[in-house]
Amino acid sequence: MEKHPEPLSGCFFISHNAILSSNQESGVFSFCFHWTTVLLNYVTSSRLPTPWANFTLSVFLEKATQKEHLVISLGDLSTPEPVLLRLHSECLTGDALFSLRCDCGPQLEKALQRIADEGRGAILYLRQEGRGIGLINKIRAYHLQDQGADTVEANEQLGFHADERNYELIRPMLDYFNIKTIRLMTNNPRKVKALEDLGYTVTERIEHRIEPNPYNRYYLHTKALKLGHFLDEPEA
Ligand SMILES: [Zn+2]
């Protein structure tokens with residue numbers, strides 16, 4: 001176990017290797033992000049041509065984990081008008097593997113389309129797979145869901161909270177682009193609150209619903225019921 005050099009009360013850091021060797025079964029671990037220094041640093045950027053627009057892709061490196069977080073942006077974000085924004089947490093299965101278990105892939109595509117339509121905006125692509133529990137534990141949670149648990153119960157059976165994401169990460173990215181006021185594409189009231197708690201102004205919440213399919217209908221229902229997402233309630 002590798003202690004954080006300057007731990008605050010109740011916070012500690014365990015390396016991935018330590019987890020795999022000492023606690024592989026439960027996979028229970030915690031990260032503390034209460035750093036007194038900057039969490040992320042800007043590294044570099046490039047063009048990102050897509051079917052919808054020629055975006056700019058900027059990469060930031062998280063000091064604590066060495067994870068790369070991304071900003072996909074379009075237009076001049078430094079002007080005073082509120083910025084059309086999406087906070088998108090990485091979902092390898094949904095974003096890249098076409099999984100129908102969740103709504104992440106279509107939500108990402110819809111956000112890119114909306115920003116392209118308006119000609120200005122940004123997606124913060126946060127490497128917080130599985131609402132922050134990582135890919136291995138997300139697949140463990142899917143295994144439990146295959147046996148009847150819902151998405152919240154599965155996370156809790158693995159020893160995690162229903163949502164382990166840390167939105168402190170977004171501050172260095174928003175500050176880099178000088179974004180202060182935001183029109184947020186989300187169904188998740190926690191994201192609006194997270195931004196407001198960080199001191200940003202959310203002038204508008206733009207609903208970001210995706211048509212359910214037979215595989216994600218129950219998942220979306222659970223998100224509405226247990227995580228307070230603003231979703232049309234499909235039949236349970
Ligand atoms: Zn997903």
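With 17 C-beta neighbours inside 10 Å, Asp 163 counts as partly exposed, because a residue is called buried when 20 or more other C-beta atoms lie within 10 Å of its own and exposed when there are 12 or fewer. The model in which this count was made is a predicted one. Asp 163 is found in the loop that runs between helix 6, residues 151-157, and helix 7, residues 170-176. Leaving out residues up to four places away in sequence, Asp 163 touches Arg 131, Gly 132, Arg 190 and Leu 227.

Arg 165 lies in the loop between helix 6 and helix 7, and, because it has 19 C-beta neighbours inside 10 Å, Arg 165 counts as partly exposed. When its neighbours within four places in sequence are set aside, Arg 165 is in contact with Ser 89, Gln 128, Arg 131 and Gly 132.

Seven strands form an open sheet in the order 1-2-3-5-4-6-7, with mixed pairing. Its edges are strand 1, residues 40-49, and strand 7, residues 201-206, each of which pairs on one side only. From one strand to the next, the twist averages 25 degrees. Helix 3, residues 104-118, packs on the sheet and touches strand 3, strand 4 (83-89), strand 5 (121-126) and strand 6 (181-185), while its direction makes about 165 degrees with that of strand 4.

The pairing within the sheet can be followed in one example. Strands of a sheet pair through backbone hydrogen bonds, either parallel or antiparallel. Strand 2, residues 54-62, and strand 3, residues 68-74, run antiparallel and are joined by six bridges. One of the residues concerned is Leu 61, whose bridge partner in strand 3 is Glu 68.

Seen as a whole, the protein has a secondary structure of nine helices and seven strands. Of its 236 residues, 29% count as buried. Among the contacts in the protein with a separation of 6 or more, 54% are accounted for by residues 24 or more positions apart.

Methods: Residues numbered from 1 in each chain as written. Predicted model: local features only at pLDDT ≥ 70, side-chain atom pairs only at ≥ 80, totals over all residues. Helix = DSSP H or I, 4+ residues; strand = E, 2+ residues; numbered from the N terminus. Contact = placed C-beta atoms within 7 Å. Pairing = 2+ DSSP bridges. Axes fitted to C-alpha atoms, helices over the stretch in contact; angles between N-to-C directions.
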